[in-house]
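Me: I'd like a close look at the aromatic rings in this model. Can you walk me through how they sit, and what else is worth a glance while we're there?

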Amino acid sequence: MTAPTTEKRTGKRAALSAREPSDTEARHKLTAVTGLAALSLDAMASVAYGPEAIVLVLAAAGGYGLGFTLPVTLAIAGLLAVLVASYRQVIAAFPDGGGSYAVAKAHLGRRASLVAAGSLVLDYVLNVAVAVTAGVAALTSALPGLYEDRLWLCLGILVLVTAVNLRGIVDSARAFIVPTAVFVGTIMILIAVGLFRDGPVSTEASAGHASVLADNATGVGALLLLKAFASGCSALTGVEAIANAVPSFRAPAARRAMRAEVALGALLGTMLIGLSVLISRFGLQPVAGVTVLAQLADASLGHGWPFYVVQFATMALLALSANTSFGGLPVLLNLLARDNYVPHVFGLKADRQVHRHGVVWLAVVSAALLVFSGGDTNTLVPLFAIGVFIGFTIAQTGMVLRWRATGQWGKALLNGLGALLTGVSAVAVTATKFHDGAWLIVVALPLLVALFELVHRAYGRIGERLGVGRVPEPPHRERSLVLVPVSSLTRLTSEALTAAVSLGDEVRAVTVCHPDPGDRAATEALERDWALWNPGADLVRIPADRRSLGRPITAYIRGLTESEPGTRITVLIPEVEPEHLWQRLLQNQRGAVVAHAVRRDTDAVICRLRFRLTAPRPR
């Protein structure tokens, strides 16, 4: 009785350990704290431009309009609370990640899920370009001499962020946790100090700059408030990133991700409301050439070294906030690859739990955008944030259907309110930025969805031909013929024939003979040496009218296929593997030429034999 019990317990422990990640795998995953550093930089950095976006819109109504800064911010903070609560539910319901794509796939259908995925892809790519250019813009504002080199600075920062992410999301989190902590700490100190000020300590930052405040209005219209709300909602970009990348967290992944989501919402909401309170408290007015955050730092901390700490911390976080995309998009592409909507190469994962192909693809496309824009933030900003609001709306709508099906009407009401607010914001942002370039997103999103469909149909046709999901016929043996292309008699030839004899029933060596006298003489010499060597395999001369190597061999293979239909033909291509990498430049690439031609023009099996050259041992 004892032995079976022990065996049962041992089996149970083995099953449990099989489900748990190894220590090595866990080291390359995120905790709640490192998750904030890796996936929330975009949202954190948005406090640098979110309140400013609200102020610039309300400035059209003069000082009276600026009085609505805090109410609009409170409305955005309320939407933030709804989104955080919703995405906590998304994380719990979809622990494999994917965010709005996963929600739409489960509750809204395939087409809606592709729209969500496409909007997220576009937003992630644009976030990288906007973040890098915004960070460099802050740098060139402090150091104007670098302005002409802004494109190279953008590309340099992009290379740095890409290189860090290729080492793994945990390494990127560790590298960026200090800038994140410094930025959050300086903003919190700025707010705390400012709340105890009766008025601004300094206005030196805005001195000499023209005000962009319009004449006082007697009222503020609903459309202006809606536009201010929609512009300020740019501060909410990045809230969805944690839900998209749940598999990147350590077990229990969903619980850690939910903690990170709540912490992000609390920090972001506190900073947005605190900065808006200071804007109202100091009666701040927007001026040309100076950011609202810079004016607040000046008014609260003075124009000394704390002011410059805030500025450089903001610059660093803006530039590094591109890391949010590198943490979220590769995971999304992995899910799309699993569902056959993007090439399967995006589903491959390296040793450090890195989807390297997704990281590299994101870097390449972002670099192209940076070159297109010339490193100018204003060229890219009109395209930004539209995609994320579409994703917000789809995710909220899908969760409404989920809660309605289970009868949880309280949660359904919460998500319905979020869907309404984010849907209105998506329409407002698109309408107000349409002529500034947002039309590109309206065009690009359907094209991207069509591309997903095209890839999916291609994989469907391939799967049908391969019989994926069906039990294939049992394997059977066929007569095999191995062809070995040769041009001379060396150790490589002997190794190739030895391998060929092990693979097939019959082995033939083939050599291509061109019409010029020198080549004919070399072929005749090879035939004489072959007869003297007598390796037990025939040498077949293949005449060629032109200086071609691959086509004569493929023509010979096609002839064999017609004359011997039941024979499986294998082409074994012997190649030298040099001792040093640079010695590959010395090779003639004949093997690659033959392999390409055989793969393109025939159904023969290709086998490439690598013969390693090693230095002789000293006696």
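Predicted model: local features only at pLDDT ≥ 70, side-chain atom pairs only at ≥ 80, totals over all residues.

**Rings, charges and a pocket**

Reply: The charged end of Lys 411 is placed over the ring of Trp 403, 4.7 Å from the ring's centre.

Now for rings against rings. With ring centres required to lie within 6.5 Å, the count comes to five aromatic pairs. Take Phe 307 and Tyr 308: their rings are 5.2 Å apart, centre to centre, with 85° between the planes, which makes the pair edge-to-face. Phe 307 has a relative accessible area of 6%, so that residue is buried. Tyr 308 is partly exposed, because its relative accessible area is 43%.

Phe 346 and Trp 361 are also an edge-to-face pair, with 6.3 Å between centres and 85° between planes. This pair links distant parts of the chain, its two residues being 15 apart. Phe 346 belongs to the loop between α17 (323–338) and α18 (356–373), while Trp 361 is in helix α18 itself. On accessibility, Phe 346 comes out at 11%, so it's buried. Trp 361 has 32% and therefore counts as partly exposed.

There's a cluster as well: ring pairs join Tyr 87, Phe 389 and Phe 392.

A polar atom of the Thr 34 side chain lies 2.8 Å from the backbone nitrogen of Thr 31. With a relative accessibility of 16%, under the 20% cut-off, Thr 34 counts as buried.

Last stop, a pocket. Rolling a probe the size of a water molecule over the atoms shows where empty space is left. The second largest pocket holds about 600 Å³ of space. Its lining is made up of 28 residues, and those nearest the centre are Pro 574, Glu 575, Asn 588, Arg 590 and Gly 591. Elements giving two or more residues to that lining are α23 (491–503), β2 (506–513), β4 (567–577), α26 (590–601) and β5 (605–612). Strand β4 supplies the largest share, five residues. Sorted by class, the lining of this second largest pocket has 13 nonpolar, nine polar and six charged residues.

Definitions and conventions
Residues numbered from 1 in each chain as written. Heavy atoms only, no water. Phe/Tyr/Trp six-rings, centres within 6.5 Å; stacked < 30°, edge-to-face > 60°. Buried < 20%, exposed > 50% of the residue type's maximum accessible area, 1.4 Å probe, protein only. Helix = DSSP H or I, 4+ residues; strand = E, 2+ residues; numbered from the N terminus. Lys NZ or Arg CZ within 6 Å of the ring centre and 35° of its normal. Polar contact = N/O pair within 3.5 Å; in protein donor to acceptor, adjacent residues only side chain to side chain. 1 Å grid on protein atoms, 1.4 Å probe; cavity = no way out; pocket = protein on both sides within 12 Å on 5 of 7 lines; lining within 4 Å. Points joined across faces, edges and corners; volume = space filled by probe spheres on them. Nonpolar A, V, L, I, M, F, W, Y, C, P; charged D, E, K, R; others polar.
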